[in-house]
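Please report on the strand pairing and helix packing in this model. Keep it brief.

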Amino acid sequence: MGKKFVCVVAVSATVVCASAAALVIRHRSQKSSGQWAKAMAILTEFEEKCQTPVEKLRQVADDMTAEMHAGLDSEGGSKLKMLISYVDNLPTGDEKGWFYALDLGGTNFRVLRVQLGGIENRVVKKEFQEVSIPPHLMVGNSDGLFDFIAKALSDFVDSEKEDFHIPEGRQRELGFTFSFPVRQTSIASGTLIKWTKGFSIEDTVGQDIVGELTKAMERVKLDMRVSALVNDTIGTLAGGRYKNPDVIAAVILGTGTNAAYVEKVTEINKWEGLPPTSGEMVINMEWGNFHSEHLPLTEYDSALDNESLNPGEQIFEKIISGMYLGEIVRRVLLRMAEEAAFFGDVVPPKLKIPFILRTPHMSAMHHDTSPDLKVVATKMNDVLEISKTSLKTRKVIVKLCDIVATRGARLSAAGIFGILKKTGRDSVNDDNQKSVIAMDGGLFEHYGKFSGCMESSLKELLGEERSENVVVELSSDGSGIGATLLAASHSQYLENE
Ligand code: ADP
Ligand code: MG
């Protein structure tokens, strides 16, 4: 009897337990569906603020055109510096001889030498070497960085083979690609306005950057002359023009972003008083600093900007370039984790680390075509140490990547459309003249969904007929060759030939 009683109690205990468990589960799923809805609300709000309907893109492009005018009218007239490059003759193909180039502007620098063979033979020979810059030289004083570069250049010169023929009694000549904002004073001189991209060598700001390099070359007894100082956009434009005479602008989408284009000298009011030129001038826009009230900015962008090394500056760059896209995704995910337990009750600690999620990670997740989004799961695990994600969660992450990339790509297209408008190439004119934009940079080259979206948005802006004659062309490595071409066309020996 006693036994039976115990048994009944046991049974009812089980029943009680079971229904308690059911209650807990129901409570949890109610909680999680509430949290899910909250996470989706955060995502939807972000998506809405990032919208770039074509009318908005047109407004952004109009502002770009207006800012270009303002920057050409007066020094400091716009957030766009519209720097005069002193490149008034782009390569024709006639360039001949042996030339060196040095490309500095990121974490690596490259040295190269080419043999230019003229219109028939073009680039006959090309040799290059890539050297990574020790991080401690990116800050501190100029001697450290420039001595390091001069030494690397000197070693590279020492590796010249016998087939490298610098005519007797001539100096070696160099095209120097220096991708930081510089106010040019001639084709081969210019003062540094500011460092960007993690460099900070205060004693060089305001100094002639060619002078700094020349002194360092003298210290290592390297007899070489800088014949042209350019940045990566100018180099890409020159290299692009060499391959295709219809190239009229160059855009870099890499760690940062910038653009250069060919302008009529008569449009450059601040050029007044300077020597007459061929009628055209390449302008370095420094478009990363573009700003417009029509840019679709969100609270995540303002927070990123506020916490950056250069608050209030480079706003366009901060929503479209490779240094920042992954970071924007991280910020939205963090908010979803903090306010809606998107990754469970504990906010993953790694998700709190700025810049931990890089744009290449984002692009790998965005391109994941596996049915269970394996790549997303792997990146979450490897980069953020978030080990268990549901398929539903992973789909949301892909969606978030898409929102951020689409906004950046469409705004880049609006920027290009602005340049086309400024140069009267945005619509079908008498001959529907061909216009090619030379592109370079890791973001454009490797993030297919980004570049694809940029190209289709540009088509949308141009309309079907005009877009048949506007081409966006990858011109990787154009910038190095471009610098040697400009060194050739500004060679000190040209007059004698
Ligand atoms: P830099 O701009 O420093 O001169 P690159 O033009 O090579 O150098 O661009 C490098 C940048 O391109 C990286 O910082 C990164 O943001 C972006 N990038 C590189 N690979 C990828 C990729 N697979 N997907 C998306 N972005 C990439
Ligand atoms: Mg680069």
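Strands β9 and β10 pair in the antiparallel sense, with five bridges between them. They form a hairpin, and three residues lie between the two strands. Within this pairing, A249 stands opposite Y261 of β10. The model is a predicted one.

Strand β10 covers residues 257-264. Seven of its eight residues are buried, so the strand is mostly covered, where buried means under 20% relative accessible area. β10 also pairs with β11, again in the antiparallel sense and over five bridges. Y261 has I283 as its bridge partner in β11.

Strand β11 spans residues 280-284 and runs antiparallel to β1, joined to it by two bridges. Here I84 has I283 as its bridge partner in β11.

The pairings named so far are listed below.

**The whole sheet**

How many strands form the open sheet, and in what order? There are six, in the order β1-β11-β10-β9-β12-β13. The pairing is mixed. The edge strands are β1, residues 83-84, and β13, residues 470-474. Each of these edge strands pairs on one side only.

A helix packs on this sheet: α14, residues 448-462. α14 touches β9 (247-253), β12 (435-440) and β13. The direction of α14 makes about 165 degrees with that of β13.

**A helix pair**

Two packed helices are described by the angle between their axes and the distance between the axes. Helix α10 takes in residues 359-366, and helix α12 takes in residues 391-422. They pack at an angle of about 120 degrees. Their axes are 9 Å apart. Because of that angle, α10 is oblique to α12. The crossing of α10 and α12 is left-handed.

Which residues make the contact? From α10 come M362, M365 and H366. From α12 come I397, V398, C401, D402, V404 and A405. The residues of this contact divide into seven nonpolar, one polar and one charged.

Note on methods:
Residues numbered from 1 in each chain as written. Chains lettered and ligands numbered in written order. Predicted model: local features only at pLDDT ≥ 70, side-chain atom pairs only at ≥ 80, totals over all residues. Heavy atoms only, no water. Axes fitted to C-alpha atoms, helices over the stretch in contact; angles between N-to-C directions. Helix = DSSP H or I, 4+ residues; strand = E, 2+ residues; numbered from the N terminus. Parallel < 35°, antiparallel > 145°, perpendicular 65-115°, else oblique. Left-handed = near helix turned anticlockwise from the far one by under 90°. Contact = heavy atoms within 4.5 Å. Nonpolar A, V, L, I, M, F, W, Y, C, P; charged D, E, K, R; others polar. Pairing = 2+ DSSP bridges. Buried < 20%, exposed > 50% of the residue type's maximum accessible area, 1.4 Å probe, protein only.
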